[in-house]
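Here is a quick tour for anyone meeting this structure for the first time. Have a look at it below, and then we can walk through it together.

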Amino acid sequence: MGVGLWGRCGGRVPFPGESPLQIVVNQFLAQTHHDLADYAPAVDLLERNLTLIGDRAAERFGLPQPPAVSSRQGLAWCLAWQGRFDQAVPVAIEALRVAGEHPGSLASAHSTAGLTYLLKSDVAT
């Protein structure tokens, strides 16, 4: 239902400006697209999220971990599942940097890098 509503909105969530709610909704919609193996819309939403987040990388916006990390996680996974490793690897590495000292974010970022390199068949890196 959420994915259908997103499509009816023209692929844009109808919230003005850089609303934290838009960031949260984009995050959940992107996760849904990822889970459906519908990677292109997920990539679009996650790239939009990173633009909206800007320099607010440490903010959680009411989520368990900052979307600056989880958006990069989803983006790296979607890119990797499409075989776009030249784009996925730098995103995964950036997720590690942005995670900082937050334990949950670090765990997610390491998981992201691990899966990205595994899909690339480059586990020695």
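What pattern does the protein chain follow, read along the sequence? It goes α-α-α-α-α-α, and the tally is six helices and zero strands. Keep in mind that this is a predicted model.

Now for the overall numbers. The protein chain has 125 residues, and 46% of them count as buried. If you take the contacts with a separation of 6 or more, 56% come from residues 24 or more positions apart.

Next, the inside. The largest nonpolar core has 17 residues, and the ones touching the most other members are Ala30, Val43, Leu75, Cys78, Leu79 and Val91.

| Helix | Residues |
|---|---|
| H2 | 20–35 |
| H3 | 39–53 |
| H4 | 67–81 |
| H5 | 85–99 |

There is also a second, separate core, made of 12 residues, with Val69, Ala95, Val98 and Ala109 among them.

Which residues does Val43 contact, leaving aside its neighbours within four places in sequence? They are Leu75, Cys78, Leu79 and Gln82.

Let's zoom in on H2. How does the length of H2 work out? With 16 residues at 1.5 Å a residue, H2 should span 22 Å, and its end C-alpha atoms sit 23 Å apart, so the two agree. The buried residues of H2 are Gln22, Ile23, Val24, Asn26, Gln27, Leu29, Ala30, His33 and His34. After H2 comes Ala37, which has a positive phi, near 60°.

Finally, a stop at Gln73, which has its place in helix H4. Is Gln73 buried or exposed? Gln73 counts as buried, because its relative accessibility is 13% and the cut-off for buried is under 20%. Leaving aside neighbours within four places in sequence, Gln73 is in contact with Gln65, Ser108 and Thr112.

Note on methods. Residues numbered from 1 in each chain as written. Predicted model: local features only at pLDDT ≥ 70, side-chain atom pairs only at ≥ 80, totals over all residues. Heavy atoms only, no water. Helix = DSSP H or I, 4+ residues; strand = E, 2+ residues; numbered from the N terminus. Buried < 20%, exposed > 50% of the residue type's maximum accessible area, 1.4 Å probe, protein only. Contact = heavy atoms within 4.5 Å. Core = buried A, V, L, I, M, F, W, Y, C linked by side-chain atoms within 4.5 Å. Expected span 1.5 Å × (residues − 1).
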